[in-house]
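Here is a short walk through one protein model. Keep the sequence and the 3D view open as you read.

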Amino acid sequence: PGTMYAVDSSRALYTIDITTGAKTLIGTVSANAGTTAGLAYNPANNTIYLTSTGNDAMYTLDVTTATATLVGAYGDASVVMHGLEFDTSTNTMYAVSGGGTNFNAYTVNTSTGAATLLGATGLTSFTNLGYNSLTDTMYATNSSTDSLYLFNRATGGVSLIGSLGGPTNPNGLAFNRDNGLMYMVDNNTDSLYTINLATGAATLVGSTGSGNLLGLVYVPI
């Protein structure tokens, strides 16, 4: 099996046991990353990416040393980029802002960090992204509606699939292509869930323990 990683807003970096939900601290992300949020993985270059809501920028993350290396600024001071996800079908990084007055979706240049506007999500509050590489489908959750959506990669808009039915502040999403399951952390219930991608219903895996987990990513072997 691969490894599930999670990061909280205070830069604490964990591995997550996908059978129990339990987290294990493995380090603290370097301070240059500011307030840490979403995670994404590009298998082509074996690179994990990290978004900073404090610095409005994207970083690469070495999980062995917990060192964050700046890729570049998004170039828009209004973004609060919580959601981050890599689409392997087109080698495109997607990101969603969920703060202040900016609730838009973007593509992000993985060489420079520059964000290009796609359009409004139609949601408010924090939106997170998860990509099913087996079906080439992008999903989103939202912490205001506690629901699962289909994410339109052409427009940045979303369409409702259904309520999560339990989690009350959904955050990081991560797809495990080894078992075909989408995982999600919720930092009100401090738990790990799997999500039924047809209905939106969340199924509890177990407690992650108290904290503020925002980013989640699965790295296969």
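Buried means under 20% relative accessible area, exposed means over 50%, and partly exposed is in between (1.4 Å probe, protein chains only). By that rule Asp 190 is buried, because its relative accessible area is 16%.

The model is predicted, so local features need pLDDT of at least 70 and side-chain atom pairs count only at pLDDT 80 or more, while totals for chains, interfaces and linings use all residues. Residues are numbered from 1 along each chain as its sequence is written, and side-chain values use heavy atoms, with hydrogens and water left out.

Stay with Asp 190 for a moment. Its phi is near 50°, a positive value in a residue other than glycine. Asp 190 sits in the loop between strand E17 (181-186) and strand E18 (191-195). Strands (E, at least two residues) and helices (H or I, at least four) are DSSP runs, numbered from the N terminus.

Now look at Ala 66. This residue is not a glycine either, yet it has a positive phi of about 65°. Ala 66 belongs to the loop between strand E6 (57-62) and strand E7 (67-73). Ala 66 counts as buried because its relative accessible area is 5%.

Next come the charged side chains. Side chains of opposite charge can pair when their charged atoms come close. A salt bridge is a side-chain nitrogen of Lys or Arg within 4 Å of a carboxyl oxygen of Asp or Glu. How many salt bridges does this rule give? The count comes to two.

Asp 87 and Arg 153 form a salt bridge through their side chains, at 2.8 Å from N to O. This pair links distant parts of the chain, 66 residues apart. Asp 87 is in strand E8 (residues 81-87), and Arg 153 is in the loop between strand E14 (147-151) and strand E15 (158-163). Asp 87 is buried, at 1% relative accessibility. Arg 153 is partly exposed, with a relative accessible area of 21%.

Arg 153 also meets Asp 136 in a salt bridge, again with 2.8 Å from N to O. Asp 136 lies in the loop between strand E12 (127-132) and strand E13 (137-142), so this pair ties together parts that are 17 residues apart in sequence. Asp 136 is partly exposed, at 36% relative accessible area. Through shared partners, the salt bridges join Asp 87, Asp 136 and Arg 153 into one network.
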